[in-house]
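Welcome to a short tour of one protein model. Have the sequence and the 3D view ready, and take your time with each stop.

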Amino acid sequence: KGSCITSFFSQRAKPDAGQHQEHPTQDDVLLTQVDMESEGASDVEGESFEKPNSKELPAAKVAEFHRASRLHFLGTWRERFECWRGGAGQMPPEHTEQLRKELAPLWTEDAPALWAHLDMDCFFVSVATRDAAKAGDSSISDEVPAAVVSGLGPSSEICSANYAARRAGVNTHLWFVERAMTMLPTLRLFPITSELLRSVEDTWKQVYQLLVTACNDVPDNVLMRSCDESAIRVTGFTEPVAWAEVLRKAVFEQTGCTCSVGLGPTQLVAKLATKACKPNGVRRVLDHEVKPFIGDLPLKDMPQVGRAMAAKLQEKGLEICCDVQALEKNRLREWFGVKGETLWLNAQGLDQESSLVPAQRKSVSAEMNWGIRCQDKAAAVKILFEVAKQLKDRLAV
């Protein structure tokens, strides 16, 4: 069961009567999953999105899909960021002024530079529960297990879970709401809606403005990595941990959401330090601590190490970072090519040169892959036409 409904059109001719038909023709429809109506609830990504009739699909339905799709939101964050970064302007000036005042005693011109990595804690769930509490739901707190889900049907996906839910065993690896509710019947569910996505966006705008303020109003020192995390070049502050605590306090007071901050000599070390201090913490790794800090980390948890690469590493007897630290870079490159060289750099706590500059958006796209039930080829063409209109509007921005 599920909501990813696709129609497949075959170019083969129809079989003769009585012959077993293994493939559909252009006039037939192969529905890959059971009707959503039989589940008693919609699994479409976003509770407010009603499953369209693809024969009479209005443009508004395609636009609403994009407004209420978390996957679309995540896939287009950089496009939106480039549009609003110059004028985030979501915060009263007194909030940024207060942050400046608290950071002023820590500033000195000749302090050495280092990297920080800020990551919002279970961001989507934090925003959803915060908004619910603001709306008068007194039963919501950080200790109440909660999750953001793609819909309220049993086969809807778990998109994000707070730490109370994770401690009870609920996480995105469970995939489906039905499994999560079997494991934890008291789990609070918050379906993706366009309102939630707008709230997440507005919250991140506020966080970004605080980050720029904390960097002495130098936007180039804030490198966005996703819609809820950023690498930050910290210069001019004698006590980086105190700087991070002041920043985290400002983020919580302004947004009501917690974040974690890692500090280190490189972006990679700062990011790994953030993982080590989650949730709602600060961790600094000094220069002389880098190799022992990274050495005990499993290689499978390092950037760009997937299942296939992890299996190849195991074949060579390499399981933790200190195993790689003991080898020459050329040996890793001989075994694994460019990925081996990258892994060697990561195991030393070094950044790749490409990570030191912001990534540039190279393409614009539009897609619709949920809640679609094509009845014929004309309906599929109509959907493509409406999605193409969405793409045209984005190219005009």
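This is a predicted model: local features need pLDDT of at least 70, side-chain atom pairs count only at pLDDT 80 or more; totals for chains, interfaces and linings use all residues.

Residues are numbered from 1 along each chain as its sequence is written, and side-chain values use heavy atoms, with hydrogens and water left out.

**The whole chain**

The protein chain holds 16 helices and eight strands. Helices (H or I, at least four residues) and strands (E, at least two) are DSSP runs, numbered from the N terminus. The chain has 397 residues, and 47% of them count as buried. Buried means under 20% relative accessible area, exposed means over 50%, and partly exposed lies in between (1.4 Å probe, protein chains only). Among contacts in the chain with a separation of 6 or more, 65% are between residues 24 or more positions apart. A contact means heavy atoms within 4.5 Å.

**Two helix pairs**

Let us look at helix 8, which takes part in both pairs of the table. Axes are lines fitted to C-alpha atoms, for helices over the stretch in contact, and angles run from 0 to 180 degrees between N-to-C directions.

| Pair | Axes | Angle |
|---|---|---|
| Helix 8 (residues 194-214) and helix 9 (residues 240-255) | within 10 Å | roughly 150° |
| Helix 3 and helix 8 | 12 Å apart | about 55° |

Which residues of helix 8 meet helix 9? On the helix 8 side they are Thr203, Gln206, Val207, Leu210, Leu211 and Ala214, and their partners in helix 9 are Trp243, Leu247, Ala250, Val251, Gln254 and Thr255. By type, the residues of this contact are eight nonpolar, four polar and no charged. Here Ala, Val, Leu, Ile, Met, Phe, Trp, Tyr, Cys and Pro count as nonpolar, Asp, Glu, Lys and Arg as charged, and the others, Gly among them, as polar. An α-helix has 3.6 residues a turn, so residues three or four places apart point the same way.

In the other pair, Arg80, Phe81 and Trp84 of helix 3 meet Glu201, Trp204, Lys205 and Tyr208 of helix 8. This contact divides into four nonpolar, no polar and three charged residues.

**A covered helix**

Is helix 15 (residues 338-347) mostly covered or mostly open? Helix 15 is mostly covered, with seven of its ten residues buried. Among the buried ones are Trp344 and Leu345. The cover includes helix 10 (267-277), helix 11 (290-295), helix 12 (307-315), helix 13 (321-325) and helix 14 (329-336). Just after helix 15, Gly349 takes a positive phi of about 80°.

**Loop residues**

Asp121 sits in the loop between strand 1 (114-120) and helix 5 (123-134). Asp121 counts as buried because its relative accessibility is 1%. The side chain of Asp121 reaches the backbone nitrogen of Asn280 at 2.8 Å.

Asn280 lies in the loop between helix 10 and strand 8, and is partly exposed, with a relative accessible area of 41%. Pro279 is in the loop between helix 10 and strand 8 (282-284), and the peptide bond from Lys278 to Pro279 is cis, with omega near -5°.

Most residues other than glycine have a negative phi, and most peptide bonds are trans. Phi of Asn280 is positive, near 55°. Asn216, not a glycine, has a positive phi of about 55°; its place is in the loop between helix 8 and strand 5 (222-226).

Note on methods: A polar contact is a pair of N or O atoms within 3.5 Å; within protein, one must be able to donate a hydrogen and the other to accept it, and residues adjacent in sequence count only if both atoms are side-chain atoms.
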